[in-house]
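Try each task before you read its solution.

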Amino acid sequence: MAEASNSTNPDELYPIAVLIDELKHDDVLLRLNAIRRLSTIALALGPERTRDELVPFLDESVEDEDEVLVALSEELGSFIEYVGGPPHGHVLLSPLENLAAIEEPVVRDKAVESLNKICTELSSQQVEEYFIPLVFRLSKADWFTSKVSGCGLYSSPYSKVNEQTQSQLRSSFAQLVHDETPMVRRQAATNMAKFVKEMPANVVVEEMIPMFQHLVQDDQDSVRLLTVEILIAIAETVPKEKQASHGVLLTSLRSLIEDKSWRVRYMIADRFEKIAKAVDDEVVARDLVPAFVKLLKDGEAEVRTAIAGQIPGFCALVDRNTLLNDIMETIENLVSDSSQHVRAALGTQISGLAPILGKQETIDHLLPMFIQMLKDEFPEVRLHIISKLELVNQVIGIDLLAQSLLPAIVQLAEDKQWRVRLAIIGHMPLLASQLGVAFFDDKLGQLCMGWLGDTVFSIREAATHNLKKLTEVFGVEWASEAIIPKVMAMGAHPNYLYRMTTCFAISTLASVVTMDVIAKSILPMLEKLAADDIPNIRFNVAKTYDVLIGVLRRLPEQGTIYTLEKAGTPFSASPKGQQLIDERIMPSVEKLLKDNDVDVRFYASTAAQAATAAPVSGGEPMNTSP
Amino acid sequence: MSDLDRAIAQLRACRPIPEAEVRELCHKARELLIEEGNVVTVNAPVTICGDIHGQFHDLMELFRVGGDVPDTNYLFMGDFVDRGFYSLESFLLLLCLKVRYPDRMTLIRGNHESRQITTVYGFYDECLRKYGSANVWRYCCDVFDYLALGAIVLGASNTLPGTPAGEDVEIEVCNPDQQIMSRFLRRGRGRGAEGSPSGNGNGNGVTNGVSSTSPTPANTGPPGSGASGSSGGSVGNPAGAVLCVHGGLSPLIDNVDKIRLLDRKQEVPHEGAMCDLLWSDPDEIDGWGLSPRGAGFLFGADIVKVFNHRNDLSLIARAHQLVMEGFKEMFDNSIVTVWSAPNYCYRCGNVAALLELSEDDAGLGVLARSNGDVNRSTGGVVAGPRGVLMENDLEDQVLPGPARRYRVFTAAPQDSRGMPAKKPVADYFL
């Protein structure tokens with residue numbers, strides 16, 4: 001196969017010959033590699049020889065390891081350009097047809113995927129002549145594997161063929177729907193939703209609804225659960241005003257909702273909002289509201305979890321009175337559900353009800369639920385509630401929220417599990433921006449400072465980042481009064497691990513404080529810490545100096561890097577910054593450079609480099625998380 | 001960023017580094033470790049950890065609770081590998097940190113740091129699986145031979161910082177839940193005169209002693225080094241030293257200097273002093289007993305007390321045995337087992353612990369450390385004033401233990417382990 005043609009240099013063809021040899025090699029890995037480079041071979045052979053020699057060769061190579069066949073199926077999908085473009089695209093159908101009949105599902109799936117990809121590039125005539133017969137051959141094969149592949153090949157050619165062929169396609173599909181093996185019916189059901197989308201409403205009503213009805217009555221629940229998607233597809237295609245006249249749809253929907261298999265009910269619950277949007281309002285009010293309530297009370301926790309996820313989406317579609325009278329009570333009962341997963345799912349969704357209910361109803365109905373869920377023994381439930389408080393805040397206002405929910409927040413902030421505390425810290429800046437300075441200082445300030453002395457390192461670290469965000473919210477004035485003194489006080493803690501928090505906090509806060517604060521509060525503290533007994537503190541001071549130098553290089557007389565960058569105003573460094581570096585920082589750094597400890601010297605030299613190097617854009621908070 | 005820093009970042013993400021880098025790392029580590037004595041001298045403050053056993057994500061949890069390297073000083077007492085799924089990543093990360101921050105990190109050898117044991121309990125197979133050859137395992141085993149056998153912690157404080165004034169708290173146990181689970185007051189003698197416990201406002205940590213430029217040469221070597229020649233009356237460190245070793249004591253070792261005389265650069269032998277240090281367990285017996293492990297010995301309270309007394313030790317910290325509460329003190333608080341692998345083997349349901357020894361208020365925590373490497377620190381220079389010798393120090397025959405804070409922590413949650421917590425919903429329907 002590899003002999004040199006006139007137009008090609010034999011030397012160039014040699015590697016290709018090797019590749020082709022590798023296609024037949026005993027080692028699976030080598031064959032696999034050769035398949036992956038099939039395009040190179042094809043490119044070298046040219047379109048004509050690829051069509052005449054390579055494709056027939058591949059046609060015969062279906063007797064290989066599944067791994068190789070998967071690769072082959074995938075490669076062939078993008079092979080049209082190598083066989084001479086779309087006009088010759090149909091030559092690829094034959095090897096892919098063989099691959100689509102293989103026993104291994106992974107190979108078949110890839111082959112079907114590639115077939116559909118090729119189909120989109122073929123002309124109508126090619127589709128009629130080559131693709132459609134292929135679909136029929138696969139669908140009428142004896143063995144179910146081919147039929148399963150066939151099921152996936154109906155939607156892509158449908159719009160490319162004439163009406164007569166379309167009707168043939170539909171009747172062929174109907175046979176698959178009525179197939180005796182559940183595997184085929186399952187595959188038909190999976191692909192039907194897509195197929196339905198290709199047709200006009202009247203055809204759907206006449207031919208597809210009966211097929212759907214057949215599948216809904218299937219005795220296998222694994223088939224029935226797939227019909228939920230078909231139902232949605234049909235309902236979206238058939239105009240809402242015509243749906244009422246097709247009672248079949250509604251009966252099917254009702255029977256799916258009441259299905260004895262929980263997996264089917266789960267499917268319904270999981271797609272509830274989509275279903276409700278696809279059907280007309282009358283059906284929603286008459287059928288879906290009771291169904292919703294029923295699913296909320298389902299015996300299976302999985303179903304309740306799924307339907308809890310649909311609460312705000314569905315409740316937005318029904319009118320307020322129905323919501324309050326018929327649905328609310330059941331939702332309220334979910335608060336004390338026996339499954340923590342149901343409660344957690346409810347926790348993520350329940351806040352979404354606040355905008356729908358409005359202020360008064362939120363206070364009447366949602367607040368009691370919140371308060372109870374905030375006491376839930378499962379921390380995830382509590383966290384979900386807190387993380388979504390913003391929505392509630394917008395509806396009922398901060399005062400009410402604060403009164404009723406604050407104790408719970410405080411309790412959560414002191415939770416036994418440190419990961420819960422960590423999560424709460426993450427919400428603090430948001431809470432702070434909504435609560436306002438006065439309230440924050442009063443109720444939460446103490447908490448935020450307390451975290452600086454937490455026993456867990458990660459909490460202390462998160463606390464410093466929290467302080468930075470708080471400073472961004474409340475401004476530097478507030479920070480220099482409320483935060484800085486407390487941070488500095490930590491520097492006197494007898495345990496070095498806690499003293500270190502001061503260094504971390506300074507590095508983090510550097511970009512949100514003014515020149516004044518740095519000069520008056522921060523530098524004196526660092527000078528003290530630079531003489532600490534413990535080398536770990538001293539090299540952290542050096543690291544902090546490094547950050548400060550970066551900031552001072554850019555900091556103007558007034559304002560902070562953060563506020564100026566946010567405002568977008570150009571600013572230039574004040575000479576005072578350089579003066580501080582030279583007079584206050586460098587002497588300490590010099591001392592640290594002569595330290596006994598190698599790590600201190602290392603970080604001091606990094607800081608010294610920063611001080612002597614050209615101005616940089618530093619000020620990045622250092623990342624200490626493991 | 002240097003190659004080493006990059007390797008550290010990659011290992012922290014739980015991705016193994018290429019074989020060539022492992023080779024270079026192990027080479028550097030050996031150069032470093034060969035300079036260390038059999039018993040490494042470590043200065044407080046230090047955080048002492050027990051077995052890790054390849055539980056990488058729990059090691060990360062340990063750093064999250066205890067603080068990151070190099071900010072916190074760590075001493076790991078062996079058994080980094082085997083049993084867990086990530087022995088390779090865990091050990092290489094610790095080794096990288098050791099090479100990058102030699103003064104902040106101390107690793108000593110456990111009984112699992114051996115060729116014979118790792119071929120049976122998983123590390124060998126893991127290397128083979130992850131690299132396709134046993135080369136990496138070989139490099140690591142060569143490093144194992146150079147790991148120190150023990151460590152002596154000097155200058156640990158007798159008082160716990162941040163405890164209520166006026167109470168002399170000796171032991172504090174914190175769970176990761178921000179609560180102090182229990183506190184134990186120091187029994188008996190009032191030792192309040194030296195190094196007063198101070199509250200937050202005092203600022204002792206920054207004001208004491210360092211400015212003093214008169215390093216007083218010690219009359220005797222550091223306690224526990226045996227250099228003082230006498231015990232009990234040491235002018236050295238009133239706090240007494242802490243000996244850290246993976247397993248325990250050996251009948252062939254009656255003082256710490258005997259450990260220093262061993263030739264450690266070999267595979268762990270089946271018997272003898274080196275084997276015993278890595279394999280023995282304390283037990284409620286008198287004297288010595290045969291160990292059910294088939295290596296090492298069991299030793300009783302009397303052995304520990306005599307050994308501590310003779311060597312001027314206040315505490316022996318060791319690992320080697322699973323304790324459900326993470327740590328366990330025995331024999332009148334003269335020996336403690338620290339265990340740092342939570343939910344051991346991913347199924348035991350135990351919690352893990354760290355032991356924090358804090359710095360001494362008296363400024364004794366600044367003995368510069370050299371470990372024999374001239375380029376790192378100037379060895380032996382004492383930067384702080386010695387504590388004033390109290391009359392009753394000479395009379396005390398049993399040294400008081402250093403203040404110990406145990407931090408208990410639990411296994412890292414599923415979702416931080418980089419695998420899906422549960423299978424996606426779609427799997428129900430397959």
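## Exercises on chain B

Keep in mind that this is a predicted model.

**Exercise 1.** Find out which side chain B:Lys98 makes a polar contact with, and decide whether B:Lys98 is buried or exposed.

*Solution.* 
- Start by locating the residue: B:Lys98 sits in helix α4 (residues 87–100) of chain B.
- Next, look at its side chain, which makes a polar contact with the side chain of B:Glu36 at 2.7 Å.
- Now check the accessible area: B:Lys98 has a relative value of 1%. Buried means under 20%, so B:Lys98 counts as buried.

**Exercise 2.** Work out how many residues of strand β16 (residues 404–409) of chain B are buried, and which residue of β16(B) is the bridge partner of B:Ala352.

*Solution.* 
- Take one side of β16(B): B:Arg404, B:Tyr406 and B:Val408 are buried there.
- Then find the neighbour: strand β15 (residues 352–357) of chain B runs antiparallel to β16(B), joined by six bridges. B:Ala352 has B:Phe409 as its bridge partner.

**Exercise 3.** Explain why one side of β9 (281–282) and of β10 (288–290) of chain B has no neighbour in the sheet.

*Solution.* 
- Write down the strand order: β9-β11-β10 (chain B), an open sheet of three strands with mixed pairing.
- β9 and β10 of chain B stand at the edges with a single partner strand each, so one side of each lacks a neighbour in the sheet.
- Finish with β9(B), which pairs with strand β11 (residues 297–299) of chain B in the parallel sense over two bridges. Here B:Pro282 stands opposite B:Phe299.

How values were computed:
Residues numbered from 1 in each chain as written. Chains lettered and ligands numbered in written order. Predicted model: local features only at pLDDT ≥ 70, side-chain atom pairs only at ≥ 80, totals over all residues. Heavy atoms only, no water. Helix = DSSP H or I, 4+ residues; strand = E, 2+ residues; numbered from the N terminus. Buried < 20%, exposed > 50% of the residue type's maximum accessible area, 1.4 Å probe, protein only. Polar contact = N/O pair within 3.5 Å; in protein donor to acceptor, adjacent residues only side chain to side chain. Pairing = 2+ DSSP bridges.
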